[in-house]
Amino acid sequence: MANWFYASDGKQQGPYPEGQFRDLIAQGVVRADTLVWTEGMAGWQKATEIPGLMAGGRAPPIVPAGGPPSMGSAGSYGGGYSGGGSALSIDFGILEFTWRTIVMLIGTILVIPAPWVFVWYTQWIVTCVKVPGRPNLSFTGNAMTLVPWFFGFVVLMIAVRFTGVQFLNMLVSILEVVLAWLLLKWMVANLASNGQPLGLSFTGPVWTYIGWNLLFAISIITIIGWAWVAVAQIRWICRNIEGTRRDIVFKGSGLEFLWRAVVAAILASLIIPIPWVYRWMMGWMASQTELLPKGA
């Protein structure tokens, strides 16, 4: 049974099973000039251009060809979907963000629940991200995967702090970065759309990742240079995500990141604005992340 999508106010709606989709047509929600897409179509088309769809008959079978294309590909129909349709977006309720963040912080402080609350929180925040052509984004990672890494690192930290050897403290810092790299690879590999794994992987070398973190630490002494390093690292991470038919590009600049970070830090120091500040920063970063045709 085919699943259908349609465009409304520049946003992708769906998927809808064929029966439910035909109900939307009967109700006038999907009209003749509405842009629609289903598996096997090369791009978005007006509903009236698909044989058998608007007439009430069954639309002809279409050979599957992956997920829906970017809404930007529908611009030639004059629907206003060109340009920024390929950018990511994120949105969430302030109240929900607040209580979930408090629960995660408490769980982290208590140490033992940390892997479970981290996965629980990640599963929620990922669903708040909207990716063109990838409806119902989700995270399928299991907390038990983190348990050996997390508790092994905790035991090592305790042992190193107990010995008080400075050289071992440096090794722990490097190990912390390596674990962050493994966490990034694990999170990318566990992204799914409509319950189906996306098949993505992060292929950036661990030594390059360590180098970026070292460069960031050094850039702190420049007071402002860290913002450009952070943006460059984000772009490097995007370039090294494999398995997608489109290039992931971060277009934000160091200057844009810097002034926003300064404003965010000032407002966050007041405590109460933190949820709004977080949503504002996350929204900007998502809007600067675009999916473009390979090699564009």
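**Salt bridges and a helix pair**

Mentor: Start with R22 and E18: both are buried, meaning under 20% relative accessible area, where over 50% is exposed and anything in between partly exposed (1.4 Å probe, protein chains only). Bear in mind that this is a predicted model, where local features need pLDDT of at least 70 and side-chain atom pairs count only at pLDDT 80 or more, while totals for chains, interfaces and linings use all residues. Residues are numbered from 1 along each chain as its sequence is written, and side-chain values use heavy atoms, with hydrogens and water left out.

Trainee: OK, what does R22 form with E18?

Mentor: A salt bridge, with the closest N and O atoms 3.4 Å apart. The term needs a side-chain nitrogen of Lys or Arg within 4 Å of a carboxyl oxygen of Asp or Glu.

Trainee: And how are R22 and E18 placed in helix α1?

Mentor: They are 4 residues apart in α1 (residues 18-26), so about one helical turn separates them. Helices here are DSSP runs of H or I with at least four residues, strands are runs of E with at least two, and both are numbered from the N terminus.

Trainee: How many salt bridges does a search of the whole structure find?

Mentor: It finds 5. Another one of them joins the side chains of R31 and D33, at 3.8 Å from N to O. R31 is partly exposed at 48% relative accessibility, and D33 is partly exposed too, at 49%.

Trainee: Is E290 buried or exposed?

Mentor: Buried, at 15% relative accessibility, whereas K251 is partly exposed at 44%.

Trainee: Switching topic: at what angle do the axes of α5 and α6 cross?

Mentor: Roughly 120°, and the axes of α5 (residues 166-189) and α6 (residues 206-219) come within 10 Å. Axes are lines fitted to C-alpha atoms, for helices over the stretch in contact, and angles run from 0 to 180 degrees between N-to-C directions.

Trainee: Which residues make the contact?

Mentor: From α5 they include I174, W181 and L184, and from α6 they include Y209 and N213. Contact means heavy atoms within 4.5 Å.
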